[in-house]
Amino acid sequence: MKSLLFLPLVSNLDPSDYVGFTFFVGCMAMMAASAFFFLSMRSFDRKWSTSILVSGLITFIAAVHYFYMRDYWAEFGDSPTFFRYVDWTLTVPLMCVEFFLILKVAGAKKSLMWKLIFLSVIMLVTGYIGEAIDRDNAWLWGLISGLAYFAIVYEIWLGKAKKIAESAGGAVLAAHKTLCWFVLVGWAIYPIGYMAGTPGWYDGIFGGLNLDVVYNLGDAINKIGFGLVIYNLAVESTEKSQLKNV
Ligand SMILES: *C/C=C(C)/C=C/C=C(C)/C=C/C1=C(C)CCCC1(C)C
């Protein structure tokens with residue numbers, strides 16, 4: 001590998017390198033999704049512009065990190081843990097902002113947003129420590145991270161966020177429910193990648209899986225899918241208000 005040092009990085013990629021393949025597809029998918037969200041921003045009622053803008057920012061920030069992660073993988077053949085967590089630290093709080101933005105029409109308070117952001121930061125910082133700094137205790141950091149994750153799940157499924165969504169009803173409630181499913185099922189993909197990639201009592205359960213492939217799959221589902229739910233909400237709500245005006 002190192003004898004290829006004079007060639008561009010990507011020439012290190014082997015055609016049979018399926019992990020590298022998912023990094024490439026990730027770059028393109030995140031870029032395409034960003035173009036889609038940005039360009040559709042003005043097609044809806046103005047109250048949805050910020051939500052669609054944030055959807056585009058999430059995939060755009062991810063696209064930039066995917067280019068770095070792709071090159072890191074091509075150069076070192078190793079997990080780009082640092083870039084991965086920088087990306088998540090920016091994009092996951094933005095997803096919490098999305099919950100707030102769609103519930104704002106029903107009177108959600110900023111404190112709800114900050115609570116979700118706070119929990120997501122705990123989830124990610126402890127995950128990073130387990131993956132990059134204190135791998136010997138990866139199970140413990142993963143556990144703390146998992147508790148913060150469950151607190152988020154509780155808040156949106158059963159806590160205040162749910163009550164506000166119910167009072168809003170209609171398309172907002174439907175979108176909130178779908179986003180809740182993303183967090184419960186889509187986000188649960190990440191702990192699987194973590195367990196496959198760190199040492200612990202769970203060694204062997206997911207041992208055959210590649211951590212980066214699992215994370216890349218999770219990102220595609222959650223970042224692009226999440227944005228599409230909001231896009232769909234904007235479409236439905238705009239159509240309804242246009243019907244009213246005819
Ligand atoms: C776009 C990126 C997203 C939605 C990333 C989400 C990441 C998580 C939900 C990570 C969760 C983790 C646990 C629940 C335990 C193990 C450590 C983590 C950080 C992988």
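V25 and F99 lie 74 residues apart along the chain, and their C-alpha atoms are separated by 27 Å. The model is predicted, so that local features require pLDDT of at least 70 and side-chain atom pairs count only at pLDDT 80 or more, whereas totals for chains, interfaces and linings use all residues. Residues are numbered from 1 along each chain as its sequence is written, and side-chain values use heavy atoms, with hydrogens and water left out.

Helix α3 (residues 81-104) contains E98 and also T89. T89 is partly exposed because its relative accessibility is 40%. Between the C-alpha atoms of T89 and M123 the distance is 9.7 Å, with 34 residues separating the two in sequence. E98, by contrast, is buried and has no salt bridge; K104, the nearest side chain of opposite charge, is 10 Å away. In this assignment of charge, Lys and Arg count as positive and Asp and Glu as negative, while His and the chain ends are not counted.

Side chains of opposite charge can pair when their charged atoms come close. Six salt bridges are present in the structure, each defined as a side-chain nitrogen of Lys or Arg within 4 Å of a carboxyl oxygen of Asp or Glu. One of them joins R84 to D212, with 2.9 Å between the closest N and O atoms. This pair connects distant parts of the chain, since R84 lies in helix α3 and D212 in helix α9, 128 residues apart. R84 also forms a salt bridge with D219, in which the closest N and O atoms are 3.6 Å apart. Here too distant parts of the chain are linked: D219 in helix α9 and R84 in helix α3 are 135 residues apart. R84 is buried because its relative accessible area is 1%, and D219 counts as buried because its relative accessibility is 0%. A further salt bridge, at 3.3 Å from N to O, is formed by the side chains of D219 and K223. Because they are four residues apart in helix α9, D219 and K223 are separated by about one helical turn. Through shared partners, these salt bridges unite R84, D212, D219 and K223 in one network.

The largest pocket holds about 610 Å³ of space. A pocket is an open set of points on a 1 Å grid over the protein atoms alone, with protein on both sides within 12 Å along at least five of seven lines; lining residues have an atom within 4 Å of a point. Grid points are joined across faces, edges and corners, and the volume is the space filled by probe spheres set on the points. The lining of the largest pocket comprises 27 residues, of which G142, S145, G146, Y190 and P191 lie nearest its centre. Helices α3, α4 (110-133), α5 (138-157), α8 (189-197) and α9 (211-245) each contribute at least two residues to this lining. Helix α5 provides the largest share, eight residues.

Terms used: Buried < 20%, exposed > 50% of the residue type's maximum accessible area, 1.4 Å probe, protein only. 1 Å grid on protein atoms, 1.4 Å probe; cavity = no way out; pocket = protein on both sides within 12 Å on 5 of 7 lines; lining within 4 Å.
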